[in-house]
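The following note sets out numbered points on the structure shown below. Please read them alongside the coordinates.

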Amino acid sequence: MKLDFHSHILPGIDDGARDIEESVMLAKALKDWGFERVTCTPHITSKYPNTPEDIRPAFELLKEEVAKSGVGLDIRLSAEYRLVPETWPKVLENNWLMPIEDRFLLMELPISHREEMGCINPVEEFRRVASMGLTPILPHPERYFYLNEKELMEILEAGGKIQCNYGSYAGLYGEEVRQRAVTLQDRGLVSFYGTDLHNAHYVQVIGSWLAEGNSIREY
Ligand SMILES: [Fe+2]
């Protein structure tokens, strides 16, 4: 099935869709690209310290509006958990984990600054989540320039899987990120791909890349 389990299409929750109109537009784009199911993965970070209760009303609204619009897309709820001291320990303490397809968890790192992780050791956290019987997934490692090869291998050895962004291949984040994503793919390290869809600019860039003959993966 064509499943996108990395998206920011909930209205007004994080730096993704601002309102329900934009959310429905993004859902339509996903459907046009062939996706049958999309999992909403709003950020849980120091900037967006969302709890499941904060997120759920926006999710219910989106499901309702997408159904009304006749888009025909199965919409599920999870989150993208950033390994930062402001939110990750609280998520664990309060059991706020909402696994994708009951088994995957998106565990992102700070995009540019490793220091934002504080004392958190990502390898240990991947191991912890794997020991819960879940598959921890590292989204867009091609974007973490500070992450070295040794750490990436340790995350994989801890049970982690890699998810690259379609947008990275489409050049959304620049040439260096694109090359890093291609290298990860060529090395056979990428298990999953996601849109990480945030707004109309993503739709335009990923849409053009698909129109050039590239395609969405099936799982
Ligand atoms: Fe994301």
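1. A polar atom of the threonine 45 side chain lies 3.2 Å from the backbone nitrogen of lysine 47 and 3.0 Å from the backbone nitrogen of tyrosine 48. A polar contact here is a pair of N or O atoms within 3.5 Å; within protein, one must be able to donate a hydrogen and the other to accept it, and residues adjacent in sequence count only if both atoms are side-chain atoms. Threonine 45 is found in the loop between β3 (43-44) and α2 (52-69).

2. This is a predicted model, in which local features need pLDDT of at least 70 and side-chain atom pairs count only at pLDDT 80 or more, while totals for chains, interfaces and linings use all residues. Numbering starts from 1 along each chain as its sequence is written, and side-chain values use heavy atoms, with hydrogens and water left out.

3. With a relative accessible area of 3%, threonine 45 is buried (under 20% relative accessible area; exposed is over 50%, partly exposed in between; 1.4 Å probe, protein chains only). Leaving aside neighbours within four places in sequence, threonine 45 is in contact with Arg82, Val84, Thr87 and Glu108, contact being heavy atoms within 4.5 Å.

4. Which residues coordinate the iron ion? The donors are His6 (NE2), His8 (NE2), Glu80 (OE) and Asp196 (OD), at 2.0 to 2.3 Å. Donors are N, O and S atoms within 2.8 Å of the metal (3.2 Å for Na, K and Ca); water is not among the atoms, so sites may look incomplete. Histidine 6 lies in the loop between β1 (3-4) and α1 (20-32), and aspartate 196 in the loop between β9 (190-194) and α8 (200-211), so the pair ties together parts 190 residues apart in sequence. Both are buried, histidine 6 at 0% relative accessibility and aspartate 196 at 2%.

5. Strand β9 is largely enclosed by the rest of the structure, because four of its five residues are buried. Strand β8 (residues 161-165) runs parallel to β9 and is joined to it by four bridges; isoleucine 162 has valine 190 of β9 as its bridge partner. Helices (H or I, at least four residues) and strands (E, at least two) are DSSP runs, numbered from the N terminus.

6. In helix α4 (residues 122-131), the buried residues are Pro122, Val123, Glu125, Phe126 and Val129. They pack against α3 (88-93), β6 (104-108), β7 (135-139) and α5 (149-157). Asparagine 121 caps the N-terminal end of α4, with a side-chain oxygen 2.9 Å from the backbone nitrogen of valine 123. Just after α4, glycine 133 adopts a positive phi of about 90°.

Technical notes. Pairing = 2+ DSSP bridges.
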